[in-house]
Amino acid sequence: LGRMVAAYTLALLFALIYGYAAARNRRAERVLLPILDVLQSVPVLSFLLAVVLGFMALFPYGNLGVELAAVVLIFTGQAWNLAFSFYHSLRTLPKELREVANIFQFSRWQQFKGLELPVATIGLVWNSILSWAGGWFFLMACEMFTLGGRSFQRPGLGSYLKTAAGEGDVRALLYGLGTLVFLIV
């Protein structure tokens with residue numbers, strides 16, 4: 001749950017910053033949207049090896065590298081649709097609402113807090129649910145994997161479920177799935 005919360009928090013912050021930059025600056029939009037589209041189309045598991053090796057090279061001692069790699073990999077399964085959702089909400093904001101904000105001389109922060117974020121909330125909540133589900137999907141792959149001849153297993157629900165499934169322990173698998181459902185609800 002800690003890895004999921006950390007990854008989701010990063011994904012939401014990324015979405016707000018990236019979506020805002022793309023929606024408010026036409027030049028940035030021409031560059032940021034294609035990059036986001038390409039990154040969204042790359043499956044998480046295709047760069048698992050590179051991310052894990054990169055973080056292990058940065059943090060060779062202890063488990064910090066593997067932990068950070070798991071969070072980053074879960075983040076990549078969550079961030080893209082949140083960013084597109086926030087961008088779309090800002091681009092489709094009714095012109096009249098922006099005019100009202102200008103009449104009342106809202107600062108950029110007031111516009112963001114009082115207009116843009118509330119308008120984007122429904123899309124962000126909906127896409128947060130989808131992102132959270134996508135994060136759970138990648139959790140097992142991120143918590144337990146083999147790299148070369150070395151096996152990496154982080155303590156967590158993902159590795160518990162993968163171990164239970166690998167050993168054919170139906171009872172443990174049902175406990176793990178029950179816990180997963182409880183956490184999601």
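Hi everyone. One definition before we start: helices here are DSSP runs of H or I with at least four residues, numbered from the N terminus. With that in hand, please keep in mind that this is a predicted model.

Let me begin in a loop. Glutamine 105 sits between helix H5, residues 95-103, and H6. Glutamine 105 counts as exposed because its relative accessibility is 68%, and the cut-off for exposed is over 50%.

Now follow the chain into H6, which covers residues 108-143 and holds serine 131. Is serine 131 buried or exposed? Serine 131 is buried, because its relative accessibility is 1% and the cut-off is under 20%. Leaving aside residues up to four places away in sequence, serine 131 touches Gln78, Asn81 and Leu82.

On to the core. The largest nonpolar core has 44 residues, and Val52, Phe86 and Trp136 have the most contacts inside it. Two or more residues come from each of these elements: helix H1 (2-24), helix H2 (26-41), helix H3 (48-58), helix H4 (64-91), H6 and helix H7 (157-167). Which of them gives the most? That is H4, with 14 residues.

Let's finish with the rings. How many aromatic pairs does the structure hold? There are nine. One of them joins tyrosine 8 and tryptophan 132, edge-to-face, at 5.9 Å centre to centre with 80° between the planes. Because tyrosine 8 lies in helix H1 and tryptophan 132 in helix H6, this pair ties together parts that are 124 residues apart in sequence. Tryptophan 132 counts as buried, at 17% relative accessibility.

Tyrosine 20 and phenylalanine 112 form another edge-to-face pair, at 6.0 Å centre to centre and 85° between the planes. Here too the partners lie in helix H1 and helix H6, so the pair links parts that are 92 residues apart in sequence.

Technical notes:
Residues numbered from 1 in each chain as written. Predicted model: local features only at pLDDT ≥ 70, side-chain atom pairs only at ≥ 80, totals over all residues. Heavy atoms only, no water. Buried < 20%, exposed > 50% of the residue type's maximum accessible area, 1.4 Å probe, protein only. Contact = heavy atoms within 4.5 Å. Core = buried A, V, L, I, M, F, W, Y, C linked by side-chain atoms within 4.5 Å. Phe/Tyr/Trp six-rings, centres within 6.5 Å; stacked < 30°, edge-to-face > 60°.
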